[in-house]
Amino acid sequence: MLVTGASGGIGSACARAFAEEGCRVVLHYHRGEERARTLSEELGGAPALAADLTDEEQVDRLFTEARDELGGLEVCAAVAGVWPKPDEPVWELSLARWEETLRANLTATFLTARGFLREVARSGHGSLVMIGSTAGLVEAGHADYAAAKSAIVHGLLLSLKNEVVRIAPRARVNAVCPGWTESPMTRSSLSPALVERITRTMPLRKVATPEDVARQVVALASDRISGHVTGQVVSVAGGMEGRVVHE
Ligand SMILES: NC(=O)c1ccc[n+]([C@@H]2O[C@H](COP(=O)([O-])OP(=O)(O)OC[C@H]3O[C@@H](n4cnc5c(N)ncnc54)[C@H](OP(=O)(O)O)[C@@H]3O)[C@@H](O)[C@H]2O)c1
């Protein structure tokens, strides 16, 4: 199986969780080679492969290399993504940032899904789990990121789950939407005041750990646990209902 963004907080937790289940895991990274190598050592020498997932050729090469490493791929967790930290309202959002965010999230996930589905076409079976976000689902802000994640867990997901069975009758595609999760992506933002604010709409009043998210990814990827589950979106957000818009 392949985890994209395995050099990141949630991706590395996914890689560990899949490895704990006995999966042979290929780790993907982009700029975080050192983090990927450290994880590789921890996981007994799991192959670590680099690719910029916004680049078509690099994504295609990643899947060829992953297949060479494992002889085939049956599971893919498409975890890589980018959250641009500055909170810029739409009237101040540049076209460059809009396009960059869509490319780093939506286009990268499309290219990953396409690469994986070509493997599914070869093997006749597969399970894909994509990572969305509560952004664009039950909360908003960061319009570029929310729009990209929303497209992944709606239009892309629903199309993929219907298309994949044309090449593999039991293949499945699902999505996990983390809410706020402790990771390098959010570490500098999660002040006690922000945590107090964001947990106000959450009955389970805490920020998620990467492991909370990873276990759900593994459960959806598993044919044993989720063999008749496809096209579904599972939030790992403590029951979040939205965001506080006014004090
Ligand atoms: N943390 C949260 O609160 C939260 C909430 C909702 C959804 N999510 C989503 O969860 C996923 C993982 O986030 P995280 O919190 O684990 O963040 P993270 O620690 O910053 O990890 C992001 C990962 O994406 C990879 N990546 C970024 N741009 C890439 C590119 N152009 N090509 C290939 N890989 C690229 C990074 O690779 P390198 O580091 O190697 O460059 C890294 O492995 C993302 O899709 C994110 O949007 C996170």
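This is a predicted model: local features need pLDDT of at least 70, side-chain atom pairs count only at pLDDT 80 or more; totals for chains, interfaces and linings use all residues.
## Helices across the sheet

Helix H2 (residues 33-42) lies across E2 and E3, and runs at about 165° to E2. Helices (H or I, at least four residues) and strands (E, at least two) are DSSP runs, numbered from the N terminus. Angles run from 0 to 180 degrees between N-to-C directions, and axes are lines fitted to C-alpha atoms, for helices over the stretch in contact. Two residues are in contact if their C-beta atoms, placed from the backbone, lie within 7 Å.

Residues are numbered from 1 along each chain as its sequence is written.

## The sheet

Strands of a sheet pair through backbone hydrogen bonds, either parallel or antiparallel. Here, seven strands form an open sheet in the order E3-E2-E1-E4-E5-E6-E7, with parallel pairing. Strand E3 (48-50) and strand E7 (233-236) stand at the edges. Each has a single partner strand, so one side of each is left without a neighbour in the sheet. The twist averages 20° from one strand to the next. Two strands pair if DSSP finds at least two bridges between them.

Strand E1 (residues 2-4) and E2 run parallel and are joined by two bridges. Leu2 has Val26 as its bridge partner in E2. In strand E2 (residues 26-29), Val26 and His28 point one way, while Leu27 and Tyr29 point the other way. All of them are buried. A residue is buried if 20 or more other C-beta atoms lie within 10 Å of its own, exposed if 12 or fewer, and partly exposed in between, with C-beta atoms placed from the backbone.

Val176 lies in strand E6. Val176 is buried because 28 other C-beta atoms lie within 10 Å. Leaving aside neighbours within four places in sequence, Val176 contacts Val129, Ile131, Val213, Gln216, Val217, Leu220, Val234 and Val236. The C-alpha atoms of Val176 and Gln232 are separated by 8.3 Å, although the two are 56 residues apart along the chain.

Val233 is found in strand E7. It counts as partly exposed, with 17 C-beta neighbours inside 10 Å. Not counting residues up to four places away in sequence, Val233 touches Gly132, Val153, Leu157, Ala175 and Cys177. Val233 and His154 are 79 residues apart along the chain, with their C-alpha atoms separated by 8.8 Å.

## H3 against H4

Two packed helices are described by the angle between their axes and the distance between the axes. For helix H3 (residues 56-70) and H4, the angle is about 35° and the axes are 9 Å apart. H3 passes H4 in a right-handed crossing. A crossing is left-handed if the near helix is turned anticlockwise from the far one by less than a right angle, and right-handed if clockwise.

From H3, the contact takes in Glu56, Val59, Asp60, Leu62, Phe63 and Arg67. From H4, it takes in Leu111, Thr112, Gly115, Phe116, Arg118 and Glu119. These residues divide into five nonpolar, two polar and five charged. Ala, Val, Leu, Ile, Met, Phe, Trp, Tyr, Cys and Pro count as nonpolar, Asp, Glu, Lys and Arg as charged, and the others, Gly among them, as polar.

Phe63 lies in helix H3. It is buried, with 23 other C-beta atoms within 10 Å. Beyond its neighbours within four places in sequence, Phe63 is in contact with Gly115, Phe116, Arg118 and Glu119. Phe63 and Leu93 are 30 residues apart in sequence and 34 Å apart in space, C-alpha to C-alpha.

## Around the ligand

There are 29 residues around the ligand, and Gly5, Gly8, Gly32, Gly81 and Ser183 come nearest. Helix H1 (9-20) and helix H4 (95-123) are the elements that give two or more residues to this shell. H1 gives the most, with three residues. The shell divides into 14 nonpolar, 13 polar and two charged residues. A residue is near a molecule or strand if its C-beta atom, placed from the backbone, lies within 6 Å of it.

## A positive phi

Most residues other than glycine have a negative phi. His142 has a phi near 50°, a positive value in a residue other than glycine. His142 is found in the loop between E5 and helix H5 (143-163). His142 counts as buried, with 22 C-beta neighbours inside 10 Å.
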